[in-house]
Amino acid sequence: MVEWSAAERKIVADVWGKISIDEIGPQALARLLIVYPWTQRYFGAFGDLSSAGAIMGNPKVSEHGKTVLGALDKAVKNLDDIKGLYAKLSKMHYEKLNVDPDNFRASYLLADCLSIVVATKFGSAFSPEVQATWQKLLSVVVAALTSKYF
Amino acid sequence: MSLSDKDKAVVKALWSKIGSRTDEIGAEALGRMLAVYPQTKTYFAHWSDLSPGSAPVRKHGKTIMNGVDDCVTKIDDLVGGLAALSELHAFKLRIDPANFKIFAHNVIVVIGMLFPADFSPEVHVSVDKFFQNLALALAEKYR
């Protein structure tokens, strides 16, 4: 069971309050596909991913970025049961999408891209303390997402 | 994933913009690594103060980043250029090479924070590749 201190809860709420899902989601997902292009294999149905420009302008990337951040929004609002919340999502990723568990490295890669996008947005407000709490949140989420694999 | 001419040009161009603040970047990145990935503190158990902004962190962050700056000038032969440092890391410091990626991530976070307009996804991918190649060269002598 993951423990969240009062300070951590406050940081999560503060950061999340300042994040626009519609902006950050698409940017983070686009960055994943550009910086780690092999992750494009999971998005064959997304159309034109042939260049950075194409990826950043791709409406399906944008849409899915918002979907991913929407799921993170649920986690933020349910810090005490992220594992339960993500049980269904984990099962889906495994059964329907056949995401190679080894490529849940992709989840870590996406988590890194999210951190970087948030950092560029927040500047020095993304203090080491904030970064640590944020990293904890993403680690818990990725663990929950991979939990149904074995 | 070796560095193309374009990657090298992108990294050099970015460094010409951020070069004057690399001491700060190094200090910030090291402080963050220790705070966000506490398992890395094990390598610095002999320091009095591991908190972000402390004197030992600032000093050592600068040392590391000076090494990274040097790599930019030696970008055409990282393995050759890092031979001595690789021996140091392999035989004396014995830092698990997995930590090179963690440190690099924090440098990237700090660059993104301080220079958001200069850190587009296209720049990001070249910088990520640069650090990956740097890490490989640094791990060259390990075994």
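Analyst: Helices (H or I, at least four residues) and strands (E, at least two) are DSSP runs, numbered from the N terminus. The structure is a predicted model, in which local features need pLDDT of at least 70, side-chain atom pairs count only at pLDDT 80 or more, and totals for chains, interfaces and linings use all residues. Residues are numbered from 1 along each chain as its sequence is written, chains are lettered from A and ligands numbered from 1 in the order in which they are written, and side-chain values use heavy atoms, with hydrogens and water left out.

User: What is the radius of gyration of chain B?
Analyst: The radius of gyration is taken over C-alpha atoms, and the globule rule is 2.2 Å times the number of residues to the power 0.38. For the 143 residues of chain B the rule gives 15 Å, and the chain's value is close to this, so chain B is as compact as a globular protein of that length. The C-alpha trace spans about 40 × 35 × 20 Å along its principal axes. The radius of gyration of chain B is 15 Å.

User: What percentage of the residues in chain A is buried?
Analyst: A residue is buried under 20% relative accessible area, exposed over 50% and partly exposed in between (1.4 Å probe, protein chains only). Chain A has seven helices and zero strands, and its C-alpha atoms fill a box of roughly 45 × 40 × 20 Å along the principal axes. Of the 150 residues in chain A, the buried part is 51%.

User: What share of the contacts in chain B with a separation of 6 or more comes from residues 24 or more positions apart?
Analyst: Contact means heavy atoms within 4.5 Å. In chain A, 73% of the contacts between residues at least 6 apart in sequence join residues at least 24 apart. For chain B, the corresponding share is 77%.

User: How many residues does the largest nonpolar core have?
Analyst: A nonpolar core is a set of buried Ala, Val, Leu, Ile, Met, Phe, Trp, Tyr and Cys residues joined through side-chain atoms within 4.5 Å. In the largest core, the residues with the most contacts inside it are A:Ile82, A:Trp134, B:Trp15, B:Phe130 and B:Phe131. Leaving aside neighbours within four places in sequence, the contacts of B:Phe130 include B:Trp15, B:Val68 and B:Leu78. The number of residues in the largest core is 93.

User: Is A:Ser107 buried or exposed?
Analyst: A:Ser107 is found in helix H6 (residues 105-122) of chain A. Not counting residues up to four places away in sequence, A:Ser107 touches A:Val142 and A:Leu145. With a relative accessible area of 12%, A:Ser107 is buried.

User: What is the C-alpha to C-alpha distance between A:Leu89 and A:Ala144?
Analyst: A:Leu89 belongs to helix H5 (residues 82-95) of chain A and is partly exposed, with a relative accessible area of 27%. Residues up to four places away in sequence aside, A:Leu89 touches A:Ala71 and A:Leu145. A:Leu89 and A:Ala144 are 55 residues apart in sequence, and their separation in space is 8.9 Å.

User: What separates the C-alpha atoms of B:Glu28 and B:Val109?
Analyst: B:Glu28 lies in helix H2 (residues 22-36) of chain B. B:Glu28 is partly exposed, at a relative accessible area of 29%. B:Glu28 and B:Val109 are 81 residues apart along the chain, yet their C-alpha atoms are separated by 9.6 Å.

User: Where is A:Gln40 in chain A?
Analyst: At 22% relative accessibility, A:Gln40 counts as partly exposed. Beyond residues up to four places away in sequence, A:Gln40 touches A:Leu33, A:Leu49 and A:Ile55. The C-alpha atoms of A:Gln40 and A:Ser50 are 9.9 Å apart. A:Gln40 is placed in the loop between helix H2 (21-35) and helix H3 (52-57).

User: What value is phi of B:Arg94 near?
Analyst: B:Arg94 is found in the loop between helix H5 (83-93) and helix H6 (98-114) of chain B, and counts as exposed at 60% relative accessibility. Most residues other than glycine have a negative phi. Phi of B:Arg94 is positive, near 50°.
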